[in-house]
Amino acid sequence: MTAANMTVDGDRLWDSLEQMAQIGPGIAGGCNRQTLTDADAEGRALFQRWCEDAGMTMAVDRMGSMFMRHEGTEPDLDPVHIGSHLDTQPTGGRYDGVLGVLAGLEVVRSIRDLGIRTRRPIVVTNWTNEEGARFAPAMLASGVFAGVLTEDYANSREDADGKRFGDELDRIGWRGTEAPGDRRIHAMFELHIEQGPILEAEGKQIGVVTHGQGLWWLEVTLTGKDAHTGSTPMHLRVNAGLGMARIIEAVHRIAMDHQPDAVGAVGQAFLSPNSRNVIPGKAVFCIDFRSPDLEKLTSMRSRLEAEAADIAADLGLGIAIEPVGHFDPVSFDEDLVGKVRGAAERLGYSHMDIVSGAGHDACWIAKVAPTVMIMCPCEGGLSHNEAEAITPDWARAGADVLLHAVLDAAEIVR
(Lines give C-alpha, C1' and ligand atoms only; values in the text may rest on other atoms or scores of the structure.)
Protein backbone atom coordinates (compact mmCIF):
# COMPACT_ATOMS: atom_id res chain seq x y z
CA MET A 1 0.00 0.00 0.00
CA THR A 2 1.47 3.38 -1.03
CA ALA A 3 1.38 6.65 0.85
CA ALA A 4 -1.16 7.96 -1.68
CA ASN A 5 -3.59 5.20 -0.66
CA MET A 6 -3.13 5.73 3.09
CA THR A 7 -5.17 8.83 3.82
CA VAL A 8 -8.01 9.71 6.13
CA ASP A 9 -11.56 10.45 5.09
CA GLY A 10 -11.39 14.24 5.31
CA ASP A 11 -15.12 14.71 4.73
CA ARG A 12 -15.95 12.36 7.60
CA LEU A 13 -13.50 14.17 9.90
CA TRP A 14 -15.03 17.53 9.02
CA ASP A 15 -18.55 16.20 9.58
CA SER A 16 -17.51 14.94 13.03
CA LEU A 17 -16.09 18.37 13.89
CA GLU A 18 -19.31 20.04 12.79
CA GLN A 19 -21.48 17.64 14.79
CA MET A 20 -19.43 18.09 17.97
CA ALA A 21 -19.66 21.87 17.56
CA GLN A 22 -23.45 21.64 17.97
CA ILE A 23 -22.93 20.58 21.59
CA GLY A 24 -22.37 23.59 23.81
CA PRO A 25 -22.75 26.14 21.01
CA GLY A 26 -21.53 29.65 21.63
CA ILE A 27 -23.42 32.80 20.75
CA ALA A 28 -21.26 33.75 17.74
CA GLY A 29 -20.57 30.51 15.92
CA GLY A 30 -18.10 28.94 18.31
CA CYS A 31 -18.48 26.77 21.40
CA ASN A 32 -18.98 27.10 25.14
CA ARG A 33 -18.37 23.55 26.32
CA GLN A 34 -16.46 24.21 29.50
CA THR A 35 -15.10 21.30 31.47
CA LEU A 36 -17.44 19.30 33.72
CA THR A 37 -20.56 21.09 32.52
CA ASP A 38 -23.61 19.29 31.19
CA ALA A 39 -22.42 20.16 27.67
CA ASP A 40 -19.06 18.52 28.41
CA ALA A 41 -20.88 15.37 29.53
CA GLU A 42 -22.94 15.38 26.34
CA GLY A 43 -19.84 15.79 24.18
CA ARG A 44 -18.11 12.95 25.98
CA ALA A 45 -21.09 10.65 25.40
CA LEU A 46 -21.10 11.42 21.68
CA PHE A 47 -17.36 10.75 21.45
CA GLN A 48 -17.81 7.47 23.34
CA ARG A 49 -20.57 6.36 20.96
CA TRP A 50 -18.50 7.17 17.88
CA CYS A 51 -15.48 5.30 19.27
CA GLU A 52 -17.48 2.23 20.25
CA ASP A 53 -19.09 2.22 16.80
CA ALA A 54 -15.51 2.05 15.47
CA GLY A 55 -14.84 -1.05 17.57
CA MET A 56 -12.94 0.67 20.37
CA THR A 57 -13.20 -0.04 24.10
CA MET A 58 -13.23 2.60 26.82
CA ALA A 59 -11.40 3.14 30.09
CA VAL A 60 -11.78 6.25 32.27
CA ASP A 61 -9.44 7.36 35.05
CA ARG A 62 -10.32 9.09 38.31
CA MET A 63 -9.74 12.51 36.68
CA GLY A 64 -12.34 11.71 34.03
CA SER A 65 -9.85 11.32 31.19
CA MET A 66 -11.17 8.97 28.50
CA PHE A 67 -8.95 6.31 26.91
CA MET A 68 -10.49 4.70 23.79
CA ARG A 69 -8.51 1.63 22.72
CA HIS A 70 -8.12 0.09 19.27
CA GLU A 71 -6.47 -3.29 19.72
CA GLY A 72 -3.15 -4.29 18.17
CA THR A 73 -2.01 -7.74 17.11
CA GLU A 74 0.21 -7.85 20.22
CA PRO A 75 -2.00 -6.47 23.01
CA ASP A 76 0.73 -6.65 25.65
CA LEU A 77 2.87 -4.07 23.87
CA ASP A 78 2.71 -0.49 25.15
CA PRO A 79 0.12 1.45 23.14
CA VAL A 80 0.57 4.49 20.94
CA HIS A 81 -1.63 7.29 22.25
CA ILE A 82 -3.27 10.11 20.32
CA GLY A 83 -4.66 12.77 22.63
CA SER A 84 -6.02 16.26 23.13
CA HIS A 85 -9.20 17.68 24.71
CA LEU A 86 -12.90 18.28 24.09
CA ASP A 87 -13.42 21.11 26.61
CA THR A 88 -13.44 24.71 25.37
CA GLN A 89 -13.07 28.27 26.55
CA PRO A 90 -16.27 30.15 27.52
CA THR A 91 -16.09 31.82 24.10
CA GLY A 92 -14.07 29.14 22.36
CA GLY A 93 -13.72 28.01 18.80
CA ARG A 94 -14.78 24.74 17.17
CA TYR A 95 -11.30 23.28 16.64
CA ASP A 96 -9.01 24.07 19.59
CA GLY A 97 -8.35 20.66 21.15
CA VAL A 98 -11.34 19.03 19.48
CA LEU A 99 -9.43 18.57 16.22
CA GLY A 100 -6.78 16.47 17.99
CA VAL A 101 -9.34 14.15 19.61
CA LEU A 102 -11.55 13.65 16.57
CA ALA A 103 -8.56 13.31 14.23
CA GLY A 104 -7.44 10.48 16.50
CA LEU A 105 -10.83 8.86 16.06
CA GLU A 106 -10.56 9.39 12.30
CA VAL A 107 -7.14 7.71 12.29
CA VAL A 108 -8.68 4.60 13.84
CA ARG A 109 -11.69 4.71 11.49
CA SER A 110 -9.35 4.99 8.50
CA ILE A 111 -7.13 2.15 9.71
CA ARG A 112 -10.22 -0.06 9.90
CA ASP A 113 -11.42 1.09 6.46
CA LEU A 114 -8.01 0.35 4.93
CA GLY A 115 -7.72 -3.06 6.60
CA ILE A 116 -4.46 -2.07 8.30
CA ARG A 117 -3.27 -3.93 11.39
CA THR A 118 -0.64 -2.68 13.82
CA ARG A 119 1.46 -4.54 16.36
CA ARG A 120 0.80 -1.96 19.05
CA PRO A 121 -2.63 -0.91 20.29
CA ILE A 122 -3.71 2.66 19.55
CA VAL A 123 -5.47 4.68 22.26
CA VAL A 124 -7.35 7.91 21.54
CA THR A 125 -7.49 10.11 24.63
CA ASN A 126 -9.69 12.99 25.78
CA TRP A 127 -7.83 14.69 28.63
CA THR A 128 -10.05 16.44 31.20
CA ASN A 129 -9.79 20.20 31.80
CA GLU A 130 -7.04 21.12 29.39
CA GLU A 131 -8.25 24.69 29.08
CA GLY A 132 -8.22 25.67 32.75
CA ALA A 133 -10.90 28.26 32.00
CA ARG A 134 -13.29 27.01 34.67
CA PHE A 135 -10.83 25.27 37.01
CA ALA A 136 -7.24 26.52 37.14
CA PRO A 137 -4.65 25.37 36.33
CA ALA A 138 -4.81 24.30 32.72
CA MET A 139 -3.87 20.74 31.69
CA LEU A 140 -5.13 19.57 35.06
CA ALA A 141 -5.82 15.88 34.37
CA SER A 142 -2.71 15.34 32.26
CA GLY A 143 -0.74 17.02 35.05
CA VAL A 144 -2.09 14.50 37.56
CA PHE A 145 -1.35 11.68 35.08
CA ALA A 146 2.25 12.87 34.80
CA GLY A 147 2.64 13.10 38.57
CA VAL A 148 3.26 16.85 38.70
CA LEU A 149 -0.10 17.52 40.40
CA THR A 150 -1.90 15.44 43.01
CA GLU A 151 -5.44 14.11 42.83
CA ASP A 152 -6.33 15.91 46.06
CA TYR A 153 -5.11 19.19 44.61
CA ALA A 154 -7.08 18.65 41.39
CA ASN A 155 -10.28 17.68 43.21
CA SER A 156 -10.06 20.77 45.42
CA ARG A 157 -9.90 23.30 42.57
CA GLU A 158 -12.85 25.70 42.60
CA ASP A 159 -14.55 27.65 39.84
CA ALA A 160 -15.75 31.26 40.13
CA ASP A 161 -18.95 30.04 41.82
CA GLY A 162 -17.06 28.02 44.44
CA LYS A 163 -17.90 24.64 42.90
CA ARG A 164 -15.18 22.02 43.34
CA PHE A 165 -13.66 20.09 40.45
CA GLY A 166 -14.14 16.76 42.22
CA ASP A 167 -17.79 17.44 43.02
CA GLU A 168 -18.56 18.50 39.46
CA LEU A 169 -16.78 15.47 38.01
CA ASP A 170 -18.97 13.24 40.17
CA ARG A 171 -22.08 15.25 39.31
CA ILE A 172 -21.76 14.70 35.55
CA GLY A 173 -20.96 11.01 36.09
CA TRP A 174 -17.57 10.85 34.42
CA ARG A 175 -15.25 9.84 37.26
CA GLY A 176 -13.65 6.51 36.36
CA THR A 177 -11.84 3.96 38.49
CA GLU A 178 -8.44 3.79 36.83
CA ALA A 179 -5.63 5.43 38.80
CA PRO A 180 -4.23 8.43 36.88
CA GLY A 181 -0.86 7.52 35.40
CA ASP A 182 -1.50 3.80 35.82
CA ARG A 183 -0.87 2.97 32.17
CA ARG A 184 2.18 2.72 29.97
CA ILE A 185 2.57 4.82 26.83
CA HIS A 186 4.94 3.90 24.00
CA ALA A 187 4.47 7.29 22.30
CA MET A 188 1.92 10.10 22.33
CA PHE A 189 0.92 12.31 19.41
CA GLU A 190 -1.16 15.48 19.69
CA LEU A 191 -2.54 17.26 16.63
CA HIS A 192 -3.60 20.84 17.31
CA ILE A 193 -4.36 24.06 15.51
CA GLU A 194 -1.40 26.43 15.77
CA GLN A 195 -3.28 29.18 17.67
CA GLY A 196 -0.86 31.61 16.06
CA PRO A 197 -0.23 33.18 12.62
CA ILE A 198 3.11 31.69 11.59
CA LEU A 199 2.06 28.70 9.46
CA GLU A 200 -0.53 30.66 7.50
CA ALA A 201 1.88 33.55 6.96
CA GLU A 202 4.59 31.18 5.73
CA GLY A 203 2.18 29.24 3.50
CA LYS A 204 2.88 25.93 5.28
CA GLN A 205 0.34 23.16 5.75
CA ILE A 206 2.07 21.41 8.66
CA GLY A 207 3.94 22.57 11.72
CA VAL A 208 6.44 20.04 13.09
CA VAL A 209 6.51 21.00 16.76
CA THR A 210 9.98 20.65 18.23
CA HIS A 211 9.51 22.56 21.50
CA GLY A 212 6.83 24.07 23.71
CA GLN A 213 6.99 27.32 25.64
CA GLY A 214 7.18 27.29 29.41
CA LEU A 215 4.54 29.14 31.41
CA TRP A 216 3.86 30.86 34.71
CA TRP A 217 0.34 31.80 35.77
CA LEU A 218 0.53 34.12 38.78
CA GLU A 219 -2.72 35.04 40.54
CA VAL A 220 -2.41 38.41 42.25
CA THR A 221 -4.74 39.56 45.03
CA LEU A 222 -4.61 43.23 46.02
CA THR A 223 -6.45 44.39 49.13
CA GLY A 224 -7.37 48.03 49.65
CA LYS A 225 -10.47 49.78 51.01
CA ASP A 226 -13.94 50.12 49.50
CA ALA A 227 -14.92 53.79 49.48
CA HIS A 228 -17.27 56.22 47.74
CA THR A 229 -15.82 57.47 44.44
CA GLY A 230 -17.34 60.92 44.85
CA SER A 231 -16.69 61.80 48.46
CA THR A 232 -13.29 60.22 49.14
CA PRO A 233 -10.36 62.62 48.56
CA MET A 234 -7.75 61.35 46.12
CA HIS A 235 -4.94 61.32 48.67
CA LEU A 236 -7.00 59.19 51.09
CA ARG A 237 -7.87 56.39 48.69
CA VAL A 238 -6.52 52.83 48.92
CA ASN A 239 -7.45 51.83 45.39
CA ALA A 240 -6.96 48.18 44.47
CA GLY A 241 -8.01 48.93 40.88
CA LEU A 242 -5.22 51.47 40.48
CA GLY A 243 -2.72 48.93 41.79
CA MET A 244 -3.97 46.38 39.28
CA ALA A 245 -3.61 48.88 36.43
CA ARG A 246 -0.02 49.68 37.37
CA ILE A 247 0.90 46.00 37.67
CA ILE A 248 -0.69 45.21 34.29
CA GLU A 249 1.47 47.92 32.75
CA ALA A 250 4.49 46.38 34.48
CA VAL A 251 3.65 42.96 33.01
CA HIS A 252 3.78 44.41 29.50
CA ARG A 253 7.02 46.30 30.16
CA ILE A 254 8.72 43.25 31.70
CA ALA A 255 7.78 41.04 28.73
CA MET A 256 9.05 43.67 26.29
CA ASP A 257 12.32 43.91 28.20
CA HIS A 258 12.84 40.15 27.70
CA GLN A 259 12.45 40.15 23.91
CA PRO A 260 12.72 38.14 21.77
CA ASP A 261 10.79 34.95 22.63
CA ALA A 262 8.88 36.20 25.67
CA VAL A 263 5.25 37.23 26.17
CA GLY A 264 3.11 38.43 29.04
CA ALA A 265 -0.42 39.67 29.63
CA VAL A 266 -3.34 39.72 32.05
CA GLY A 267 -6.41 38.04 30.60
CA GLN A 268 -8.61 37.56 33.67
CA ALA A 269 -9.45 40.20 36.27
CA PHE A 270 -12.08 40.77 38.96
CA LEU A 271 -12.76 43.96 40.91
CA SER A 272 -14.74 44.01 44.13
CA PRO A 273 -17.37 45.18 44.85
CA ASN A 274 -17.50 45.97 41.10
CA SER A 275 -19.86 48.90 41.52
CA ARG A 276 -19.60 52.00 39.33
CA ASN A 277 -19.48 54.40 42.27
CA VAL A 278 -17.30 52.42 44.69
CA ILE A 279 -13.51 52.54 44.69
CA PRO A 280 -12.53 48.86 44.49
CA GLY A 281 -11.24 47.47 47.76
CA LYS A 282 -10.08 44.23 46.18
CA ALA A 283 -8.64 43.16 42.84
CA VAL A 284 -7.87 39.59 41.78
CA PHE A 285 -6.20 39.00 38.42
CA CYS A 286 -4.01 36.41 36.70
CA ILE A 287 -0.72 37.12 34.94
CA ASP A 288 0.35 34.85 32.07
CA PHE A 289 4.10 34.81 31.29
CA ARG A 290 5.50 32.46 28.62
CA SER A 291 8.85 31.76 26.97
CA PRO A 292 10.73 28.80 25.47
CA ASP A 293 13.77 30.09 27.39
CA LEU A 294 13.73 28.95 31.04
CA GLU A 295 16.07 31.72 32.16
CA LYS A 296 13.79 34.39 30.71
CA LEU A 297 10.69 32.74 32.18
CA THR A 298 12.25 32.66 35.63
CA SER A 299 13.48 36.24 35.33
CA MET A 300 10.07 37.59 34.34
CA ARG A 301 8.41 36.01 37.35
CA SER A 302 11.09 37.25 39.74
CA ARG A 303 11.02 40.79 38.44
CA LEU A 304 7.20 40.95 38.46
CA GLU A 305 7.02 39.80 42.08
CA ALA A 306 9.51 42.49 43.13
CA GLU A 307 7.88 45.31 41.14
CA ALA A 308 4.35 44.35 42.18
CA ALA A 309 5.36 44.42 45.84
CA ASP A 310 6.78 47.94 45.38
CA ILE A 311 3.61 49.12 43.61
CA ALA A 312 1.41 47.73 46.37
CA ALA A 313 3.53 49.31 49.09
CA ASP A 314 3.47 52.69 47.33
CA LEU A 315 -0.35 52.62 47.27
CA GLY A 316 -0.83 51.16 50.75
CA LEU A 317 -2.28 47.92 49.40
CA GLY A 318 -2.00 44.42 50.76
CA ILE A 319 -0.69 41.93 48.19
CA ALA A 320 -0.55 38.16 47.76
CA ILE A 321 0.81 36.34 44.69
CA GLU A 322 -0.03 32.67 44.20
CA PRO A 323 1.34 30.54 41.35
CA VAL A 324 -1.70 28.75 39.88
CA GLY A 325 -0.08 27.21 36.81
CA HIS A 326 3.44 26.36 35.69
CA PHE A 327 5.50 24.16 33.42
CA ASP A 328 9.05 24.49 32.16
CA PRO A 329 9.82 24.76 28.44
CA VAL A 330 9.47 21.38 26.71
CA SER A 331 11.66 19.62 24.14
CA PHE A 332 9.65 17.01 22.26
CA ASP A 333 11.05 13.57 21.44
CA GLU A 334 13.53 13.77 18.57
CA ASP A 335 12.61 10.37 17.12
CA LEU A 336 8.90 11.23 17.04
CA VAL A 337 9.67 14.68 15.60
CA GLY A 338 11.49 12.81 12.83
CA LYS A 339 8.48 10.56 12.23
CA VAL A 340 6.19 13.59 11.87
CA ARG A 341 8.62 15.37 9.54
CA GLY A 342 9.05 12.21 7.48
CA ALA A 343 5.29 11.71 7.21
CA ALA A 344 4.80 15.27 5.93
CA GLU A 345 7.56 14.79 3.35
CA ARG A 346 6.20 11.44 2.10
CA LEU A 347 2.75 12.93 1.68
CA GLY A 348 4.07 16.03 -0.08
CA TYR A 349 2.74 18.51 2.46
CA SER A 350 4.66 21.75 2.94
CA HIS A 351 5.99 21.95 6.48
CA MET A 352 8.29 23.78 8.88
CA ASP A 353 9.62 23.34 12.39
CA ILE A 354 7.74 25.41 14.95
CA VAL A 355 7.61 26.12 18.69
CA SER A 356 4.21 25.86 20.37
CA GLY A 357 3.25 29.17 21.90
CA ALA A 358 0.43 27.64 23.95
CA GLY A 359 0.39 25.01 26.66
CA HIS A 360 -0.98 21.57 25.78
CA ASP A 361 -1.49 18.20 27.45
CA ALA A 362 1.53 16.99 25.48
CA CYS A 363 3.70 19.31 27.59
CA TRP A 364 2.92 17.23 30.72
CA ILE A 365 2.88 13.81 29.04
CA ALA A 366 6.37 14.53 27.67
CA LYS A 367 7.58 14.11 31.25
CA VAL A 368 6.55 10.44 31.34
CA ALA A 369 6.56 9.23 27.72
CA PRO A 370 8.01 10.12 24.30
CA THR A 371 5.70 12.82 22.94
CA VAL A 372 5.35 15.08 19.91
CA MET A 373 2.88 17.58 18.48
CA ILE A 374 1.66 18.30 14.95
CA MET A 375 0.11 21.64 14.06
CA CYS A 376 -2.07 22.91 11.25
CA PRO A 377 -2.74 26.59 10.47
CA CYS A 378 -5.68 28.61 11.75
CA GLU A 379 -7.01 31.67 9.96
CA GLY A 380 -5.31 34.84 11.11
CA GLY A 381 -3.76 32.94 14.00
CA LEU A 382 -7.02 33.47 15.89
CA SER A 383 -7.95 31.11 18.74
CA HIS A 384 -9.73 31.25 22.10
CA ASN A 385 -12.30 33.18 20.12
CA GLU A 386 -15.61 32.09 18.58
CA ALA A 387 -14.37 33.32 15.18
CA GLU A 388 -11.54 30.73 15.23
CA ALA A 389 -11.44 29.02 11.81
CA ILE A 390 -9.53 26.38 9.88
CA THR A 391 -10.17 24.87 6.46
CA PRO A 392 -11.19 21.27 5.71
CA ASP A 393 -7.97 20.89 3.73
CA TRP A 394 -5.84 21.95 6.71
CA ALA A 395 -7.69 19.50 8.95
CA ARG A 396 -7.24 16.69 6.42
CA ALA A 397 -3.52 17.39 5.99
CA GLY A 398 -2.90 17.36 9.71
CA ALA A 399 -4.86 14.13 10.14
CA ASP A 400 -3.01 12.50 7.22
CA VAL A 401 0.35 13.31 8.80
CA LEU A 402 -0.98 12.06 12.13
CA LEU A 403 -2.11 8.80 10.50
CA HIS A 404 1.28 8.11 8.93
CA ALA A 405 3.32 9.08 11.99
CA VAL A 406 1.12 6.94 14.27
CA LEU A 407 1.36 3.95 11.95
CA ASP A 408 5.14 4.36 11.91
CA ALA A 409 5.18 4.23 15.72
CA ALA A 410 2.52 1.51 16.07
CA GLU A 411 4.27 -0.70 13.48
CA ILE A 412 2.16 -1.97 10.60
CA VAL A 413 1.82 -5.74 10.34
CA ARG A 414 2.77 -6.64 6.76
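# Briefing: the interface between domain 1 and domain 2

In this predicted model, the count between domain 1 and domain 2 is zero salt bridges. On the side of domain 1 that touches domain 2, the residues comprise 10 nonpolar, four polar and one charged.

**Domain layout**

- The protein chain divides into domain 1, made of residues 3-213 + 329-413, and domain 2, made of residues 214-327.
- Between the C-alpha centres of domain 1 and domain 2 the separation is 33 Å.
- To the contact, domain 1 contributes 15 residues and domain 2 contributes 13 residues.

**Buried area**

- The size of an interface is often expressed as the accessible area lost when the parts come together.
- Domain 1 and domain 2 bury about 1000 Å² between them, and carbon and sulfur atoms give 66% of this area.
- Of the area that domain 1 buries against domain 2, 51% comes from Gln213, Pro329 and Trp364, which is more than any other three residues supply.

**Annotated region**

- An unreviewed UniProt entry carries the annotation "domain: Peptidase M20 dimerisation" for residues 213-312.
- Residues 213-312 are 37% helix and 34% strand.
- The end C-alpha atoms of the stretch 213-312 lie 30 Å apart.

Notes:
Residues are numbered from 1 along each chain as its sequence is written. This is a predicted model: local features need pLDDT of at least 70, side-chain atom pairs count only at pLDDT 80 or more; totals for chains, interfaces and linings use all residues. Side-chain values use heavy atoms; hydrogens and water are left out. Domain bounds come from an automatic or database domain assignment. Contact means heavy atoms within 4.5 Å. Buried area is the accessible area (1.4 Å probe) that two parts lose on being put together, summed over both. A salt bridge is a side-chain nitrogen of Lys or Arg within 4 Å of a carboxyl oxygen of Asp or Glu. Ala, Val, Leu, Ile, Met, Phe, Trp, Tyr, Cys and Pro count as nonpolar, Asp, Glu, Lys and Arg as charged, and the others, Gly among them, as polar. UniProt positions are given in the numbering used here, feature names are shortened, and annotations may be inferred rather than shown by experiment. Helices (H or I, at least four residues) and strands (E, at least two) are DSSP runs, numbered from the N terminus.
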